[in-house]
Amino acid sequence: MALEEVEKNFLAMRQTLSGDGEVEPNPDHVSQLALEICKEDVLGLFIHKLPILGWEARKDLVHCWCILLRQMVGSSYCCVEYIEDHLELLDFLVVCYDNKDIALNCGSMLRECIKFPTLAKYILESTSFDLFFKYVELPNFDVASDAFTTFKDLLTKHENAVSEYLTAHYEEFFELYEKLLTSPNYVTRRQSLKLLSEFLLEPPNSHIMKRYILEVRYLKVMMTLLKDSSKNIQLSAFHIFKVFVANPNKPRDIIVILAKNHERLLALLHNLSVGKGTL
């Protein structure tokens with residue numbers, strides 16, 4: 001009975017925040033509700049009670065969460081400021097990927113948080129971030145795909161925060177990322193390779209790219225991916241491989257490997273151009 005009451009309250013809150021289809025929401029009521037929710041620590045309760053709610057109530061909660069985070073009261077986002085003061089809530093949302101019943105709800109809530117630079121920066125620099133390397137390979141396809149979407153947002157939404165993170169955690173990050181690029185799972189290999197191109201070739205990350213293309217181990221990863229059975233993966237690998245080749249300051253080790261594999265690489269690249277566009 002108590003749960004039914006909670007679900008009714010979420011529906012009422014949703015109508016206050018976004019209207020009921022006939023009546024538009026009252027901006028003053030929305031602002032007042034946002035302030036009260038922060039003042040009474042209701043935002044924290046939202047997250048911690050998520051696992052016990054029914055499907056409809058969870059859907060309403062996510063809808064309310066997204067509106068509340070974007071709600072400006074005066075000149076500030078009061079709900080974002082509340083989360084900045086309770087950053088452990090973000091860690092809780094990340095580990096919810098372990099619970100397949102609420103993983104997709106938490107994913108939507110996390111991506112709303114990631115739109116704000118301070119919250120994205122916290123997740124990037126927290127120990128929770130490393131969990132994404134596990135979550136993107138979960139056996140449940142829907143949960144793994146959702147986790148990858150969140151992972152991608154973290155690495156592409158705020159260029160400066162990402163650049164700072166990669167500079168400070170270069171070795172640990174790329175060691176974990178190499179496991180995604182060499183995963184036995186085709187979807188993981190393809191998505192992670194495409195994402196690598198996106199954030200590695202961004203201008204703020206040029207110093208990261210210059211460091212990456214000096215490393216023999218990552219050249220070998222790209223050369224292996226050039227031989228992948230999927231043409232899509234071969235093409236994506238080629239876009240990064242050619243940066244290794246074009247580098248005017250190639251280390252001797254890389255020059256030796258390219259020279260030693262010269263014939264084989266030419267054959268691979270010829271096949272790639274012949275079969276371009278096929279799977």
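# Exercises on a helical chain

Helix H1 (2-18) and H3 each supply at least two residues of the lining of the largest pocket. Helices here are DSSP runs of H or I with at least four residues and strands are E runs of at least two, both numbered from the N terminus. The model is a predicted one, in which local features need pLDDT of at least 70 and side-chain atom pairs pLDDT 80 or more, while totals for chains, interfaces and linings use all residues. Residues are numbered from 1 along each chain as its sequence is written, and side-chain values use heavy atoms, leaving out hydrogens and water.

## Exercise 1: The whole chain

Describe the protein chain by its helices and strands, its span and its share of buried residues.

Step 1. Begin with the elements: the chain has 18 helices and 2 strands.

Step 2. Turn to the span. Along its principal axes, the C-alpha trace covers about 70 × 35 × 35 Å.

Step 3. Now look at burial. Of the 279 residues, 46% are buried (under 20% relative accessible area; exposed is over 50% and partly exposed in between, with a 1.4 Å probe and protein chains only).

Step 4. Finish with contacts (heavy atoms within 4.5 Å). Among contacts with a separation of 6 or more, 70% join residues 24 or more positions apart.

## Exercise 2: The largest pocket

Work out which residues lie closest to the centre of the largest pocket and which classes make up its lining.

Step 1. Settle the term. On a 1 Å grid over the protein atoms alone, a pocket is an open set of points with protein on both sides within 12 Å along at least five of seven lines, whereas a cavity is a set where a 1.4 Å probe fits but cannot get out; lining residues have an atom within 4 Å of a point.

Step 2. Take the volume, the space filled by probe spheres set on grid points joined across faces, edges and corners. The largest pocket holds about 250 Å³.

Step 3. Find the centre. Val6, Phe10, Leu45, Phe46 and Lys49 are the closest to it among the 12 lining residues.

Step 4. Ask who contributes: H1 gives the most to the lining, with 5 residues.

Step 5. Sort by class. The lining has 10 nonpolar, 1 polar and 1 charged residues (nonpolar: Ala, Val, Leu, Ile, Met, Phe, Trp, Tyr, Cys and Pro; charged: Asp, Glu, Lys and Arg; polar: the others, Gly among them).

## Exercise 3: The largest nonpolar core

Identify the residues that touch the most other members of the largest nonpolar core.

Step 1. A nonpolar core is a set of buried Ala, Val, Leu, Ile, Met, Phe, Trp, Tyr and Cys residues joined through side-chain atoms within 4.5 Å.

Step 2. The largest has 94 residues, and Phe151, Phe173, Phe174, Tyr177, Tyr212 and Met222 touch the most other members. Helix H4 (residues 55-70) gives the most to this core, with 9 residues.

Step 3. Zoom in on Tyr212. Beyond neighbours within four places in sequence, its contacts include Tyr170, Leu196, Tyr218 and Ile240.

## Exercise 4: Residues in loops

Decide whether Gln71, Asp228 and Asp41 are buried or partly exposed.

Step 1. Gln71 sits in the loop between H4 and strand E1 (72-73). Its relative accessible area is 17%, so Gln71 is buried.

Step 2. Asp228 belongs to the loop between helix H15 (216-225) and helix H16 (231-246). At 11% relative accessibility, Asp228 is buried. Neighbours within four places aside, Asp228 contacts Arg189, Ile233 and Gln234.

Step 3. Asp41 lies between helix H2 (27-39) and H3, in the loop. With 39% relative accessibility, Asp41 is partly exposed. Asp41 also has a positive phi of about 60°, although it is not a glycine.
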